[in-house]
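I opened this entry to look up what surrounds the ligand.

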Amino acid sequence: MNKIIVISAPSGAGKTTIVHYLIDQIPDLEFSISATSRQRRENEKEAKDYYFFTTNEFKAKINEKAFLEWEEVYKNQFYGTLKLEIDRIWGNNKIAIVDVDVIGGINIKDFYLDKCLSVFIMPPSVETLKKRLMKRNSESEKSIQIRLDKAQEEISRNQDFDAIIINENLELACRQIKDIVTKFISK
Ligand code: 5GP
């Protein structure tokens with residue numbers, strides 16, 4: 001069966017690290033590269049971290065109905081999962097793992113139902129999130145505040161996910177999530 005794993009979390013909750021860990025540990029998984037209209041960060045690569053589009057390119061793809069789901073996650077910053085990306089991964093006989101915001105995660109779960117495992121990663125506290133975002137050094141103070149406001153909203157939706165993992169201790173969180181994913185794959 002074609003399967004899809006959704007990992008959602010507020011920005012700074014450790015999601016990217018956990019997704020990389022899972023891909024490293026479970027060879028059946030392949031990362032679904034999202035499209036975005038936000039600026040590329042210095043350490044990011046085109047077609048590895050994201051497909052970077054201009055806002056116009058992104059809107060054209062919306063009109064073409066190229067997205068499985070898309071969101072204006074932050075004002076004027078669009079993010080979306082391309083249908084072709086999931087087809088590409090399933091064509092490789094792999095299981096897609098997508099890193100999306102909470103609304104995107106809930107929408108994908110609603111669409112794929114039993115084919116989909118949705119996992120929410122909780123930060124231990126909003127204070128920890130703030131520290132992590134500041135340490136990352138890629139965001140302005142304003143951007144950090146926007147992300148923190150959104151985090152509160154996202155945390156309130158965590159009950160809509162199949163599983164919730166608290167990332168207090170990264171190693172433990174990684175092990176817990178690996179267990180859940182492995183069980184889902186072998187089902
Ligand atoms: P960042 O700018 O930090 O890379 O990502 C910001 C937020 O956008 C994160 O919560 C991330 O999970 C989310 N995101 C990334 N790709 C997608 C996508 O394809 N769809 C949706 N809905 N959100 C995404």
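I looked up tyrosine 50 and found an N or O atom of its side chain 2.5 Å from an oxygen atom of the ligand. I count this as a polar contact, a pair of N or O atoms within 3.5 Å. The model is predicted, so local features need pLDDT of at least 70 and side-chain atom pairs pLDDT 80 or more, while totals for chains, interfaces and linings use all residues. Residues are numbered from 1 along each chain as its sequence is written, and side-chain values use heavy atoms, with hydrogens and water left out.

Next I checked arginine 41, where a side-chain N or O atom is 3.0 Å from a ligand oxygen. For threonine 81, a backbone N or O atom lies 3.3 Å from an oxygen atom of the ligand. Taken alone, the ligand exposes 510 Å², and the protein buries 95% of that (Shrake-Rupley method, 1.4 Å probe).

Of its 19 residues, Lys15, Ser34, Tyr50, Tyr79 and Asp99 come nearest. I sorted the shell into 6 nonpolar, 5 polar and 8 charged residues; Asp, Glu, Lys and Arg count as charged, Tyr among others as nonpolar, and Gly as polar.

Last, I looked at salt bridges, each a side-chain nitrogen of Lys or Arg within 4 Å of a carboxyl oxygen of Asp or Glu. The count comes to 10. One of them joins arginine 88 and glutamate 30, with the closest N and O atoms 2.9 Å apart. Arginine 88 is in helix H3 (residues 83-91) and glutamate 30 in strand E2 (residues 29-31), so the pair ties together parts 58 residues apart in sequence. Helices (at least four residues) and strands (at least two) are DSSP runs, numbered from the N terminus.

Notes:
Near = heavy atom within 4 Å. Polar contact = N/O pair within 3.5 Å; in protein donor to acceptor, adjacent residues only side chain to side chain.
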